[in-house]
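Open your viewer and get your selection tool ready. We will go from stop to stop, with something to pick out at each one.

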Amino acid sequence: MKKIIIPIFFILFLLFPYAYSISNGVNFILGLLIIAFVVKLLSKHVLNRAENISNNKIQKYYPLIIFSIALITRIISAIILNDNITQVSDFKNALQSSCTLDFNDTYHRLFTHWLLLPLIVNNFFKIFGNNQIVVLIFSGIICSIVALLIYFVTKEITKNKNISLLASIIYIFWPANILYIGIYTPEHITQLLLVSAVLLIFKGEKSNRYVKKYILFFASGVALGLTTFFKNFGIVFIIALAIYYFLKIIFERKTIKEILQSYVISLALVVIGSVLITNLTYIFLDHVVGAKVSRDNTAYFLAVGLNKERKGSYNKKISEKYISLVEENNFNYNIANKELMNEIRSNFKFNKELLDLLNYKARILVQNDEGKIEFIYRSALDNGSAKFANFVNEQVKKINNFYYMIVFILIGIGIIRFKKNINLKLLYIYISVYGSYLLLLIIEVQNRYTYSINPFLCILAALGLETLLQCTIEKKSKKSNILIRGVITDFDNI
């Protein structure tokens with residue numbers, strides 16, 4: 001069973017999202033050449049002094065270095081962007097809501113992911129004033145913390161501080177990540193919650209004290225539950241955790257007692273933490289809005305995601321219809337959702353047309369990383385900053401797409417490590433990423449929606465580079481051994 005499960009998963013992962021992400025042949029070949037050059041450079045100038053690097057006192061300053069670089073780049077980005085962009089679309093409405101805290105409309109009662117962020121930011125507006133720069137710097141600080149957490153998560157997986165530093169650096173200098181702090185979106189906090197949750201899970205697994213272990217798992221569930229009110233990927237990471245524990249039971253010999261203590265109780269606490277915080281937050285939002293808010297919009301997101309007319313993207317007609325359904329039923333969300341789900345079932349046909357739609361959506365999600373750049377471009381045009389907009393669209397977009405290609409090449413290379421060494425913690429990351437892409441396939445599609453899982457792509461890419469470096473070390477080691485054996489043989493023949 002062990003020999004079947006892992007290969008099947010990675011074949012699926014290579015088919016989607018990996019195959020879609022490397023479809024640009026020219027960039028793929030160029031990316032491979034650059035990676036080969038970097039590995040050669042590292043092996044020549046760094047790996048020869050690996051022992052000194054690993055013992056270098058600078059390593060204890062890695063967290064400070066990561067946070068400082070991330071914060072400086074984000075603040076510079078915020079200052080430049082503030083003069084060149086203005087918020088558009090939902091982000092403009094969210095910025096206005098942050099100033100007024102006016103949630104007395106059907107939209108906010110339905111789409112609760114636009115409630116908590118304005119409530120949080122409004123507190124900063126009270127201190128620093130109602131200015132866009134406050135939002136941008138707030139987002140920059142959140143993303144700087146994410147960069148730091150990436151380091152600690154990677155360290156839990158690989159035990160290598162240098163590779164952990166690299167994972168954070170990949171995230172910090174990802175061009176779209178630098179610019180995207182200009183967009184007032186709840187996805188920045190989603191990143192923070194997801195990476196925090198995974199770190200808490202890994203810390204909980206490592207703890208030998210059951211009280212501490214269970215507190216960490218419960219806290220992880222709280223973090224995953226809170227994603228419901230920003231960008232709901234938490235459920236994917238909980239399902240991935242269940243699969244991860246199932247695989248651990250298969251791969252590790254544990255007694256029934258150990259399985260209960262280590263996996264069943266831990267998973268249960270994550271679920272309890274998630275459910276508890278979700279329900280408490282809904283009650284809090286009921287109070288904020290002054291009426292009961294929607295607990296579940298699954299029917300709406302499926303209606304949009306499986307709609308062939310707009311190819312799974314935002315559909316104003318469906319949105320207006322859903323709002324009308326809710327209002328006509330006097331805000332009985334269950335009845336409105338049931339009516340919409342019945343309509344989806346009656347229209348649903350698993351045929352070539354649906355497969356074509358899913359194929360189209362897969363390409364939108366993974367083929368490039370233009371979605372975030374395009375929103376910066378739109379925001380700059382709306383501000384009247386045509387020169388800046390054209391620079392972003394014509395220059396930064398190309399650089400960013402190439403950067404994205406290299407990240408995914410490294411992710412694919414990282415799969416090689418499982419041939420010799422199955423790291424289940426790393427597999428949990430792969431499963432979570434894969435599940436997130438599958439979720440996006442069936443709901444509303446926008447290329448920028450993958451931003452929430454970008455930190456994990458950076459971790460996987462860094463570990464892919466580690467795989468290449470290990471191969472280089474092993475190759476050099478074999479050559480050295482052959483040379484030594486040859487010298488010994490010659491000496492014996494004298």
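A salt bridge here is a side-chain nitrogen of Lys or Arg within 4 Å of a carboxyl oxygen of Asp or Glu. Keep in mind that this is a predicted model. By that rule the count comes to eleven salt bridges.

Start by selecting Asp369 and Lys372: they form a salt bridge, with the closest N and O atoms 2.5 Å apart. Both Asp369 and Lys372 are buried.

Next, pick Lys397 and Glu374, whose side chains meet in a salt bridge at 3.8 Å, N to O. Lys397 lies in helix α20 and Glu374 in helix α19, so the pair ties together parts 23 residues apart in sequence. Lys397 is buried, at 14% relative accessible area, while Glu374 is partly exposed at 33%.

Stay with α20 and show residues 386-414: this helix has 29 residues and reaches 41 Å from its first C-alpha to its last, close to the 42 Å expected. Where is its kink centred? Look at Val396, where α20 has a kink of about 40°.

Now move to Glu343 and Lys321, another salt bridge, with the closest N and O atoms 2.5 Å apart. This pair links helix α17, which holds Glu343, to helix α16, which holds Lys321. Glu343 is partly exposed at 31%, and so is Lys321 at 36%.

For a network of salt bridges, select Glu156, Lys203 and Lys206.

Finish at Ser144 in helix α8. Ser144 is buried, with a relative accessible area of 0%. Its side chain reaches the backbone oxygen of Gly140 at 2.8 Å. Beyond its neighbours within four places in sequence, Ser144 is in contact with Phe67, Ala70, Leu71 and Arg74.

How values were computed:
Residues numbered from 1 in each chain as written. Predicted model: local features only at pLDDT ≥ 70, side-chain atom pairs only at ≥ 80, totals over all residues. Heavy atoms only, no water. Helix = DSSP H or I, 4+ residues; strand = E, 2+ residues; numbered from the N terminus. Buried < 20%, exposed > 50% of the residue type's maximum accessible area, 1.4 Å probe, protein only. Polar contact = N/O pair within 3.5 Å; in protein donor to acceptor, adjacent residues only side chain to side chain. Contact = heavy atoms within 4.5 Å. Expected span 1.5 Å × (residues − 1). Bend = angle between axes of the 7 residues up to and from the residue.
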